[in-house]
Amino acid sequence: MNAFDHIYGCLAGLAIGDALGMPTEFLTADQIAESLGWVDHFVAAPEWHPHAVFRPGRVTDDTGQALSVLHAYAPDGSLSAGRVAQQLLRWADDAGPDLARIIGPSTAQALEALRRGADPRQSGKQGKSNGAAYRAIG
């Protein structure tokens with residue numbers, strides 16, 4: 001197995017796990033048990049859930065943003081905060097009206113700061129949720 005196969009496998013695992021978790025996002029363990037039971041295949045989100053409009057198997061911002069970072073790598077393997085910011089904004093623009101349903105408040109705030117020209121290394125520091133934190137660029 002070569003490096004490409006390993007990378008592809010990691011990204012496929014990310015997307016599959018993200019899609020499995022999509023209907024449970026924002027829910028407590030008790031809400032998941034009551035509404036969905038044990039989730040071991042792609043299922044629809046409960047009708048009252050923000051993701052109820054999505055078909056089972058749909059990925060969220062977790063996959064979209066991970067792929068954005070991947071696309072930000074230069075051919076020489078270097079990565080810059082500026083290129084990541086550009087790719088994240090491109091992803092957000094491509095998401096269209098679904099964007100508001102798949103991002104949390106910290107990510108929304110960071111994207112808006114980037115649009116206003118904020119330094120990508122600073123744009124996510126004021127977040128109140130964990131979405132932007134685990135996508136931080138150092």
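Predicted model: local features only at pLDDT ≥ 70, side-chain atom pairs only at ≥ 80, totals over all residues.

I'll start with helix α3, residues 61-72.

Now the setting. The protein chain has six helices and zero strands, so the order of elements from the N terminus reads α-α-α-α-α-α. Along the principal axes, the C-alpha atoms fill a box of roughly 45 × 40 × 25 Å. Of the 138 residues in the protein chain, 31% are buried. Among contacts with a separation of 6 or more, 49% are between residues 24 or more positions apart.

Back to α3. Which of its residues are buried? They are Asp 61, Thr 63, Gly 64, Gln 65, Ser 68 and Ala 72. These buried residues pack against α1 (3-21), α4 (81-95), α5 (99-102) and α6 (105-115). I'll take two of those partners in turn.

A word on the description: two packed helices are described by the angle between their axes and the distance between the axes.

Take α4 as the partner. The axes of α3 and α4 come within 8 Å and cross at roughly 140°. That angle makes α3 oblique to α4, because the roughly antiparallel class needs an angle over 145 degrees. The crossing is right-handed. On the α3 side, the contact is made by Asp 61, Gly 64, Gln 65, Ser 68, Val 69, His 71 and Ala 72. The α4 side supplies Arg 83, Val 84, Gln 87, Leu 88 and Trp 91. By class, the residues of this contact divide into five nonpolar, five polar and two charged.

Next, α1. Here α1 and α3 pack at an angle of about 160°, with their axes 9 Å apart. At that angle, α1 is roughly antiparallel to α3. The contact joins Leu 11, Leu 14, Ala 15 and Asp 18 of α1 to Asp 62, Thr 63, Ala 66, Leu 67 and Leu 70 of α3. It has six nonpolar residues, one polar and two charged.

There is a general point behind lists of this kind. An α-helix has 3.6 residues a turn, so residues three or four places apart point the same way.

The axes of α4 and α6 come within 10 Å and cross at roughly 115°. The two helices are therefore roughly perpendicular to each other, and their crossing is left-handed. From α4 the contact takes Ala 85, Leu 88, Leu 89, Trp 91, Ala 92 and Asp 93, and from α6 it takes Leu 111, Leu 114 and Arg 115. Seven of these residues are nonpolar, none is polar and two are charged.

Staying in α6, look at Ala 110. Is Ala 110 buried or exposed? Its relative accessibility is 11%, so Ala 110 counts as buried, the cut-off being under 20%. Leaving aside residues up to four places away in sequence, Ala 110 touches Ser 123 and Gly 124. Ala 29 lies 81 residues from Ala 110 along the chain, and their C-alpha atoms are separated by 28 Å.

Last, a backbone detail. Most residues other than glycine have a negative phi. Phe 26 is not a glycine, yet its phi is positive, at about 80°. Phe 26 is found in the loop between α1 and α2 (29-35).

That is what I have; questions are welcome.

Terms used: Residues numbered from 1 in each chain as written. Heavy atoms only, no water. Buried < 20%, exposed > 50% of the residue type's maximum accessible area, 1.4 Å probe, protein only. Helix = DSSP H or I, 4+ residues; strand = E, 2+ residues; numbered from the N terminus. Contact = heavy atoms within 4.5 Å. Axes fitted to C-alpha atoms, helices over the stretch in contact; angles between N-to-C directions. Parallel < 35°, antiparallel > 145°, perpendicular 65-115°, else oblique. Left-handed = near helix turned anticlockwise from the far one by under 90°. Nonpolar A, V, L, I, M, F, W, Y, C, P; charged D, E, K, R; others polar.
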